[in-house]
Amino acid sequence: MSAEMENKISADSAPSEENNVVSVDETVPKTNGEKDWTISREDRGDRPFTFGQRYLTSEDDVWNHNAWDHVEWGEEQRVEAEEKLAKQREMPVKPFDKSLFMGNPAKYWDQFYRNNQANFFKDRKWLRVEFPALYEAQKPDAGPISILEVGCGAGNTMFPVLQNNENPHLSIMGVDYSRQAVKIVRESEHFDSKYARAEVWDLAEPTGALPEGVEPHSVDIIVMIFVFSALAPEQWTQAVSNLKKLLKPNGRILFRDYGRYDLTQLRFKAGRLLDDNFYIRGDGTRVYFFTEEELHEIFGTEFEVIKVATDRRLMVNRQRKLKMYRIWLQAEFKNSKVEESK
Ligand SMILES: C[S@@+](CC[C@H](N)C(=O)[O-])C[C@H]1O[C@@H](n2cnc3c(N)ncnc32)[C@H](O)[C@@H]1O
């Protein structure tokens, strides 16, 4: 599969609109250690945000629709996935190439946006359904609310928010460490400078400096959609500390990203593994695949974990009789631990 195709699959990661029904606000209990995959998701207390509601109850029906939600994995499938990961570990990225990719990761995203402009990711219209806080922020009488989208890319999350906004006091800022991405956002016909700004900023900024013009503890909602996975694991602590510095007390982080054993992880061939569960794509961009437990550990140090859930979807190519198992994580964190704020 070409790098472009692989990216097309990775990018096609929004819950399909038709599958979003109602919003459910449930807190997922913390889980420790490995999951028992033979127990159903309800019994594990693994409740979704909203996600889709099309359940596959009989294997005979599998080719009748393009996608199925909450598809359970059996132990056999998990073992198969682990075997694929073990094979990848036998042939990691060569040390010379690794230092090349780790040196200036923004360069590869710049190249990505030069090649694809704004035409790659789909508009993420489902966000309002999955994250009610965003919906509330857009209401006419919501009052002053500031939203920061980190890793805004070409604006596929930011612009649907702006387009639906009825709140005269809403401000939304997109930041990305790719200058090319920020340029695309600023030049977009959807960019309304009355409500929106875009700046270059690195989520893992080592000095702790905030984006230009942003005061410490001034942001109500941070949105991070498929951006945290682009960080190297050694950058997570700095990134979380930067996020903490941005958020107001009780401010929230809305998160969606790749989950462990996602199709795109299992498809990586030899010479792509940078570190455990961390890969370099054909176009030089990096991607990590998280577990729920890891998100609890990474964000739980500074934030209250409101919920973390797994979106498991079976996508079906009916013509080619292909089954593709997609796994994404979705989470919400709150800046409740304000007394520890730096
Ligand atoms: C997969 S794209 C997602 C774009 C956008 N969030 C969306 O939903 O369409 C990941 C984006 O994160 C940006 N990114 C990756 N690492 C970053 C970092 N350390 N700081 C800021 N942006 C980063 C990339 O430049 C890219 O635009």
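**The sheet, strand by strand**

Guide: Strands β10 and β11 run antiparallel and are joined by 13 bridges. Asn317 stands opposite Leu322 of β11, and the two strands form a hairpin with four residues between them. In that turn, Lys321 has a positive phi of about 50°. All of this is read from a predicted model.

Helix α11, residues 292-300, lies across β10 (304-317) and β11 (322-334), and its direction is at about 150° to that of β10.

The next step leads from β11 to β6. These strands also run antiparallel, with seven bridges between them. Asp257 is placed opposite Leu329 in β11, while Phe255 has Ala331 of β11 as its bridge partner. Strand β6 is mostly covered, with nine of its 12 residues buried.

With β5 the direction of pairing is parallel: six bridges join β5 (residues 219-225) to β6 (residues 247-258). Ile221 faces Arg252 of β6 across this pairing, and Ile225 has Arg256 in β6 as its bridge partner. Between β5 and β6 the chain passes through helix α9, residues 236-246, in a right-handed β-α-β crossover.

Strands of a sheet pair through backbone hydrogen bonds, either parallel or antiparallel. Both kinds occur here, as the whole sheet has mixed pairing. It is an open sheet of eight strands, in the order β1-β10-β11-β6-β5-β2-β3-β4. At its edges are β1 (67-69) and β4 (196-200), each of which pairs on one side only. On average, neighbouring strands are turned by 20° against each other, direction ignored.

Last, the ligand. Of the 20 residues around the ligand, those that come nearest are Trp109, Gly151, Gly153, Leu203 and Ala230. By class, this shell has 12 nonpolar, five polar and three charged residues.

Conventions
Residues are numbered from 1 along each chain as its sequence is written. This is a predicted model: local features need pLDDT of at least 70, side-chain atom pairs count only at pLDDT 80 or more; totals for chains, interfaces and linings use all residues. Two strands pair if DSSP finds at least two bridges between them. Axes are lines fitted to C-alpha atoms, for helices over the stretch in contact, and angles run from 0 to 180 degrees between N-to-C directions. Two residues are in contact if their C-beta atoms, placed from the backbone, lie within 7 Å. A residue is near a molecule or strand if its C-beta atom, placed from the backbone, lies within 6 Å of it. Ala, Val, Leu, Ile, Met, Phe, Trp, Tyr, Cys and Pro count as nonpolar, Asp, Glu, Lys and Arg as charged, and the others, Gly among them, as polar. A residue is buried if 20 or more other C-beta atoms lie within 10 Å of its own, exposed if 12 or fewer, and partly exposed in between; C-beta atoms are placed from the backbone. A crossover is right-handed if, with the strands pointing away from the viewer, the path from the first strand over the helix to the second runs clockwise.
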